[in-house]
Each structure stands twice: as C-alpha cells, then as structure tokens.
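User: Please take one part of this structure and go through it closely. Then place it in its surroundings and finish with the other sites worth a look.

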Amino acid sequence: MQNIQSQSHQSRYDKAYVRQNKQTMDDSKSTQLLTELKEQLVKVANQRDKQAYAELFSYFAPKILNFGNQKLSSQGLAMDLVQETMTTVWTKAHLFDADKGSVTTWVFTIMRNRCFDMLRKVQHNKEDTFGDDIWPVFESPQAEEQEDHILTAKMLKHVDALPPLQRQVVKGIYLQELSQQELSTKLSVPLGTIKSRLRLGLVKLRSILEKHYD
Amino acid sequence: MIKFHPKDEMLKQHANGQLHLGLATAVSAHCELCSVCRDKLKQYTAAQAEQHLGEQSNDDIQTENVATLGNLSIANIDFSDMLKQITQLAPVEATESQRTIVEVKGTQYALPRALTNQVNHNWSGFGKISRMRLNADENNSRASLLHIDADGEIPEHSHTGREITLLLEGNFEDEFSQYVPGDFIELDANHQHSPKTINGCLCYTVVDAPLHFTKGISKILNPIGELIY
Ligand SMILES: [Zn+2]
C-alpha cells in the first residue's frame, strides 16, 4: 500500500512534465479521438454494443484508476471508482448529450461526483451522496431552474389565473410535489408535454408577477 | 444584477471536486443562479477532464498501473470480470428530481439543486432570525440556511475564520454593499459586518469558524452566534 502511494506521489511530478508537452499536441488527432469516443458511446447507447463499450473501458479505466489512486490513496477504492464510474457509463450511455460537452467531460463529471462522495465516506464516515446534486449530470436544469427559482408562496397565489392545463401541471409539481414523471403517468400525457406545459405556466406566472410587483 | 462571485481559484477547485461539502454547495448554488460563473465552471471542468481523461493524460502512469496490477496478477482477470459484470446490467432511466421547497415563517422557498437532499432538519429561531443548521463534514465549519424576517438584522459580529453568505431570496445590505439573490459574499476574519434586511431574506451560509459579536450589548449575545451559524 505504501508503495502505491509513494508511486503516485512520484507520478504527480511526472504529470506536470507531461502536461507541458501536451501543449504541442496535435489538435486534429485529439479531435479524432473525441469523435471515436463519441461514436463508441452512441453505439453503446443505441445498440448496447459490448465491443464499443470494451473499447471505451480500455481507454478510460486506467485513467480513472490513476485518478482514484491519487485522490483516494487506496488501490481498492480506486478500483471501486473505476467500477462505479464505468457502470454508470454503461447504464446511462443513452443520457449522454453531445450538445453539452465531450465524452471525456461527461465521464470526468461522473467520476468526479462519485469520487467526491467516496472521499466524504472515507474521511468523514458519511454515507449520503450529494455529488450528483452539486454537479448535475443527467438533467439539464438551467433553463427551468431560473423559472423555478422565482416560485415562492407569493407566486402560488397567482397560479389560479393560469389556463387549466398549465395550472394542473404547476399545482401538481409545486403543491402536490409530484415529479414530472409521476404527473405524466397520472395524466396520461407524454413527459415532454408536461415539461412544456410547466414551462409555459411558469413563463405566464412570471409575466403576471411582473405586472403585480413592478 | 449579481455583483459578487466566487474567485476563479475557488471555481477551479470546485470543478476538480476539492472543496468541502459546505463550500461546494455554495459554489454550486451560485452557479445555478449566475450564468457567468456557470460558463467559467464549464470551461474549467472541460480543462480538468482533458487533464485527467484526455488522450495524453497520464500516459506514463497508465503503464505504471498496468505494471502494478500485473505484479499482483490481477490486471486482466479483474478488469474482464468487471467488464462482464457491468455489461449484464440494464440501462437506467434518468430520475426527474423535483425542487425541494422549505417553509419558514409561513413562506415557501424553492431551493437550489445542490441543497435538494441536505435540508431535512428543523428550523430553530430567535426573534426575527431562523436557522436550519445543515450537515457539514468539517468539524470547524458550519453550514446553515438563515432566514431573516423583514426589518431584521444580525448584530455586528466578526469571524475568526472565513464566512461565505449566498443570498438565495430577498435582499439585504451591510456596511459594504446591497445584495441581490445570487450574490456570493466572502468575508474573512478582518471584516466585521451587521447585515440588515428591509423585506426579509433567505441565505445559505458557511463559516469556517464560529463568529464573535463585537459591539456593546451584543457581546452578551455571543451564545447566539452558536444559534445563528
Ligand atoms: Zn458568478
């Protein structure tokens, strides 16, 4: 164990040196790699392609192992980090959205979040997992969050002024505290419809509020 | 408009997962409200990803790991077992997380996502001040939701360590400025302040060491420092 730790300390110095060299890295080669990784991930997402996954695995696993060794100072925990990160890559490949960033950034985010929770468990004996709340990976909250954020009790008074379909969704989510998925099931309408009714409802609410409080 | 932001260095540490829970929560919640820092964080995260998982990352170490595992004779066996085990799993759907709402003094507030699973504690109060202390990992750090009613103020105090206040709803002002939701206010031990609010506000606060009241009669309020933060 001691050996591994001192090796990874040594490696940190090496890496600084390697990073300097990286500045001269061929950009087109790097772009090609990212394209390949993306193609493999899409194959995993669409066809559950095990060969494509094995290639992703052989690319990422040693790097994750190294990251885990540095952060968690334990080969066993580093292996857990590889397993948990790569499990998420397999089970949630279909949730990757290329518009939001590269495959490496996506995998890094998953890895960093897991590592954050593992480290808290090791250092503070905490079992709770907050990483994915702090750095959201699988949803794109921003667009809705800005609107959600201004929803306070003041606004709830104006909910009744909304058109019935929007009101139903806004009340379901904020008063009955149903999830969007639960509402979709309950009302037998697609999730996308729930989302758009919610968004329309919130935009409308905001305009009502602006009139009232300006 | 948001005027106070976390320093770039703190955003970088956040991208790399190096901040403790209380600070990471504050920076995350700020980024949810602030598109400037959100964009920076995105860039820093991409840079970290490149450093750790990019093509040229750790090439030297990679061989070292394989060698280490090779010595333990587990490299191929372990990874192929893991691979087999993982690829037997079924896809998992995204969970739609709902906004967490807290209610204090009859008003409901939708919280930033970072706080979603952290606010299952009770409010305690003193006059116009209500506090929900949250779990903090570090022994000498405290994280809280702090609610101040309209026309409320916190007596002048200083900190023995860093205090970060993220304004979530409402407005307040102190000797230095007026603040709007999203403002990320960092004060160190050299600063004293006495925040006041006209219409009431909700903040998220992290202090690295307990605070001390400094002025006149407020000194006898020192036990309240424990309560507030
Ligand atoms: Zn900012």
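Analyst: Helices (H or I, at least four residues) and strands (E, at least two) are DSSP runs, numbered from the N terminus. By that rule, Gln40(A) sits in helix H2 (residues 27-47) of chain A. The model is predicted: local features need pLDDT of at least 70 and side-chain atom pairs pLDDT 80 or more, while totals for chains, interfaces and linings use all residues. Residues are numbered from 1 along each chain as its sequence is written, chains are lettered from A and ligands numbered from 1 in written order, and side-chain values use heavy atoms, without hydrogens or water.

The part to follow is helix H3 of chain A, residues 50-72. Start at its beginning. There, a side-chain oxygen of Asp49(A) comes within 2.9 Å of the backbone nitrogen of Gln51(A).

Further along, H3(A) bends by about 30° at Phe60(A). The bend is the angle between two fitted axes, one for the seven residues ending at a residue and one for the seven starting there. A proline, Pro62(A), follows within four residues of the bend.

How many of the residues of H3(A) are buried? The count is 17 of 23, and the helix is mostly covered. Buried means under 20% relative accessible area, exposed over 50%, and partly exposed in between (1.4 Å probe, protein chains only).

After H3(A) comes Ser73(A), with a positive phi near 50°. Most residues other than glycine have a negative phi.

Setting aside neighbours within four places in sequence, Gln40(A) is in contact (heavy atoms within 4.5 Å) with Ala52(A), Glu55(A) and Leu56(A).

Chain A as a whole has 11 helices and zero strands. Of its 214 residues, 49% are buried. Among its contacts between residues at least 6 apart in sequence, 59% join residues at least 24 apart.

Two loop residues of chain A come next. Leu175(A) lies between helix H9 (164-174) and helix H10 (180-187). It is partly exposed because its relative accessibility is 45%. Its C-alpha atom is 46 Å from that of Ser74(A), 101 residues away along the chain. Ser188(A) lies in the loop between H10 and helix H11 (191-213). Its phi is positive, near 55°. At 65% relative accessibility, Ser188(A) is exposed.

The protein donors of the zinc ion are His5(B) (ND1), His30(B) (NE2), Cys34(B) (SG) and Cys37(B) (SG), at 2.0 to 2.3 Å. Donors are N, O and S atoms within 2.8 Å of the metal (3.2 Å for Na, K and Ca); water is not among the atoms, so sites may look incomplete. The donor angles run from 103 to 116°, so the arrangement is tetrahedral, a label for four donors with all angles between 85 and 135 degrees. Along the chain, the donors are spaced H-x24-H-x3-C-x2-C. His30(B) is buried at 0% relative accessibility. Cys37(B) is buried too, at 1%.

Notes
Polar contact = N/O pair within 3.5 Å; in protein donor to acceptor, adjacent residues only side chain to side chain. Tetrahedral: all angles 85-135°; square planar, octahedral: opposite > 155°, others 65-115°.
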